[in-house]
Amino acid sequence: MSSYAIISKLGRTCYVTAISDDRRHILQESVCGFKHMETFSTQYVSSRHLPRSDVLPVIYIITPTYTRPVQKAELTRQVSTFLHVPNLHWILVEDSPKRTALVSELLLKSGLNCTHLSTETPHSYKPRGPSRDSHIPRGTMQRNLALKWLRETFQQNSQQQGVVYFADDDNTYSLELFEEIRATHKVSVWPVAFVGGLRYESPKINVFGKVYGWKTVFDPHRPFAIDMAGFAINLQLILSKPQAYFRFRGVKGGYQESSLLRELVTLQDLEPKAANCTKVLVWHTRTEKPVLVNEGKKGFTDPNIEI
Amino acid sequence: MRMKLKLKTVFLLYFVVSLLGLFYALMQLGQHCDCTDQLLLKDRTVSQLRRELQKLQEAFRKPSESEKLSKNPSLPTIYVVTPTYARLVQKAELTRLSLTLLHVPRLHWIVVEDSPQPTPLVRDLLAVSGLAYTHLHVPTPKDMKLQEKDPTWLKPRGVEQRNEAMRWLREMAAAAAVEQAVVYFADDDNTYSLKVFEEMRFTQRVSVWPVGLVGGMRYEGPVVENGKVVRFHTGWRPSRPFPIDMAGFAVSLRLVVAHPGARFDRSAQIGFLESSLLQGLVTMKELEPKADMCTKILVWHTRTEKPKIKREEIMQKQGMGSDLNVEV
């Protein structure tokens with residue numbers, strides 16, 4: 001499948017790409033004070049493990065990912081999960097100046113319908129060390145690039161049925177979750193385990209089956225006190241509001257999700273899923289960083305062997 | 001007078017208009033309305049959905065490749081032994097492991113709980129998993145159990161549970177002819193590619209391969225020369241008989257049955273648990289190297305962080321903890 005690219009502008013942050021065939025051109029340009037190098041290609045794999053329906057809405061999963069020792073393991077087990085879900089399209093966006101061979105090969109062998117993008121978060125915004133400073137939202141630029149790709153690829157058109165879900169590469173997803181996601185008219189919501197210092201965080205649902213608040217301890221007064229894994233958005237809604245993106249700068253910890261959702265929907269419009277938000281179908285698991293003490297300074301193992 | 005007359009007129013007019021309206025509505029009752037457009041759209045949608053349903057039904061009736069292989073009796077069964085214990089991330093771990101195993105044909109999952117009795121969480125998860133499974137349970141003796149603040153390497157985990165699984169396998173093999181099958185000890189927090197299962201399936205005695213992210217290194221694994229394992233690449237105590245992780249080997253069922261005394265030794269030193277089983281079964285020369293002569297990483301020793309639920313603990317002390325009926 002030949003690659004393609006679009007030249008586009010997004011407010012003060014600019015994504016610049018180059019038109020290319022399978023020879024992946026890289027265009028480097030200094031715009032708005034950032035240097036962005038980016039290429040992307042779309043792959044539509046024709047072999048599928050599950051029968052595909054033309055009527056079932058497609059679930060577009062957006063996963064930002066970055067190179068680290070556990071990356072291949074995380075993506076491998078995500079693939080194992082996604083292979084069970086019919087009509088799924090995986091948009092994997094690397095935090096990298098260009099797409100890496102590890103991810104390209106993994107996607108090729110996966111058998112999934114996918115789109116492989118990359119954009120590098122400027123160094124000054126990258127989280128440093130083991131601390132998870134929530135003032136530096138990881139994955140923001142990558143998620144925004146995926147939204148941009150969706151808007152460039154699909155016309156606002158009632159024939160295109162789809163739902164968008166932001167799935168980080170270290171969470172755990174049940175299969176039931178995806179069928180809940182599929183039936184989203186605007187924005188649907190459900191509980192997420194292990195976030196906000198609780199067993200789970202959840203929307204508050206009133207007797208009329210409407211969301212009226214948030215069952216969280218950490219800042220329940222946020223416009224949308226919900227984790228990235230706790231909501232999905234109808235594709236048409238995303239296409240109809242082309243200015244809606246995650247805010248990149250000046251976002252307080254925990255307000256990332258609100259920065260996008262408030263552009264799209266009000267509390268009243270939210271659709272509670274997972275049995276009126278009483279079941280946990282997704283877990284915010286985090287994988288320990290492996291301690292590679294025995295590698296030493298020079299590296300003990302063969303670096304050509306990919307992990 | 002004029003005012004009164006006006007009011008009378010208004011009322012009369014109101015009455016007449018209402019009466020006319022009523023007559024009109026009555027006339028419309030039972031009349032056919034012109035809804036042909038809506039009917040056409042509905043018909044189209046219904047026939048589209050019918051076609052879709054038919055297509056999907058046909059497709060699901062055709063067995064997938066994996067299912068065809070599952071029915072093939074000449075394909076050796078893989079018995080995956082997973083010890084597990086109750087903690088916050090247990091359901092998540094078992095869920096994602098089950099979704100991996102579901103892709104592997106002729107696989108039988110033996111889940112052994114560290115518990116005096118089977119728990120509803122594991123029972124229900126297995127029941128809906130779609131996998132062939134056996135649900136066992138055996139508690140680790142109290143003095144052998146890791147306490148909350150103990151480092152994870154202090155006491156070996158899963159020993160009783162893996163031994164219990166082997167006991168069940170031997171019992172099952174005694175009841176029926178021992179088929180060609182292989183046993184793999186798969187912890188619930190590791191990550192497995194689908195390929196590792198195909199590598200181990202035709203194990204004759206004990207097969208081995210490298211494991212990623214273990215032993216303080218990018219990977220640990222056997223070193224192969226001329227198709228034979230000559231030593232092990234490990235950063236820690238390479239003099240162990242089998243310096244290999246639990247996830248890095250599989251044992252043929254016949255070998256397990258032929259050595260009824262072979263088990264994991266709970267009193268083994270740290271890092272010697274795998275050796276305590278393998279040294280009774282096989283020598284290094286007899287090991288069958290897999291994964292492209294042990295040059296590919298097909299399994300990773302990932303570990304999941306313990307979730308920080310400090311706020312939950314505070315809330316529970318105040319009597320305002322989350323609903324414990326909601327299973328996580």
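B:D189 counts as buried, at 16% relative accessibility. The cut-off for buried is under 20% relative accessible area. The model is predicted.

**Two annotated aspartates**

B:D189 sits in a loop of chain B, between β4 (181-185) and β5 (191-192). An unreviewed UniProt entry annotates B:D189 as "binding site". What is B:D189 in contact with, once its neighbours within four places in sequence are left aside? The partners are A:R77, B:E93, B:T302, B:R303 and B:T304. One of them, A:R77, belongs to chain A.

The "binding site" annotation, from an unreviewed UniProt entry, covers A:D170. A:D170 lies in the loop between β9 (162-166) and β10 (172-173) of chain A. Is A:D170 buried or exposed? A:D170 is buried, because its relative accessible area is 9% and the limit for buried is under 20%.

**Helix α4 of chain B**

Helix α4 of chain B covers residues 90-101. It has twelve residues. From first C-alpha to last, α4(B) reaches 16 Å, close to the 16 Å expected at 1.5 Å a residue. How many residues of α4(B) are buried? Twelve of its twelve residues are, and the helix is mostly covered. Among the buried residues are B:K91, B:E93 and B:R96, along with B:L94, B:L97 and B:L101.

**Two helix pairs**

Two packed helices are described by the angle between their axes and the distance between the axes. The table gives one pair from each chain.

| Helix pair | Angle | Axes |
|---|---|---|
| α1(A) (71-82) and α2(A) (101-110) | roughly 20 degrees | within 11 Å |
| α4(B) (90-101) and α5(B) (120-129) | about 20 degrees | 11 Å apart |

Take chain A first. With its axis crossing at roughly 20 degrees, α1(A) is roughly parallel to α2(A). The crossing is right-handed. On α1(A), the contact is made by A:Q71, A:K72, A:L75, A:T76 and A:V79. On α2(A), A:L102, A:V103, A:L106 and A:S110 take part.

Now chain B. The axes of α4(B) and α5(B) pack at about 20 degrees. Angles under 35 degrees count as roughly parallel, so α4(B) is roughly parallel to α5(B). The crossing of α4(B) and α5(B) is right-handed. B:Q90, B:K91, B:L94 and B:T95 make the contact from α4(B). From α5(B) come B:L121, B:V122 and B:L125.

How values were computed
Residues are numbered from 1 along each chain as its sequence is written. Chains are lettered from A and ligands numbered from 1 in the order in which they are written. This is a predicted model: local features need pLDDT of at least 70, side-chain atom pairs count only at pLDDT 80 or more; totals for chains, interfaces and linings use all residues. Side-chain values use heavy atoms; hydrogens and water are left out. UniProt positions are given in the numbering used here, feature names are shortened, and annotations may be inferred rather than shown by experiment. Helices (H or I, at least four residues) and strands (E, at least two) are DSSP runs, numbered from the N terminus. Buried means under 20% relative accessible area, exposed over 50%, partly exposed in between (1.4 Å probe, protein chains only). The expected span of a helix is 1.5 Å times one less than its number of residues. Axes are lines fitted to C-alpha atoms, for helices over the stretch in contact, and angles run from 0 to 180 degrees between N-to-C directions. Angles under 35 degrees count as roughly parallel, over 145 as roughly antiparallel, 65 to 115 as roughly perpendicular and the rest as oblique. A crossing is left-handed if the near helix is turned anticlockwise from the far one by less than a right angle, and right-handed if clockwise. Contact means heavy atoms within 4.5 Å.
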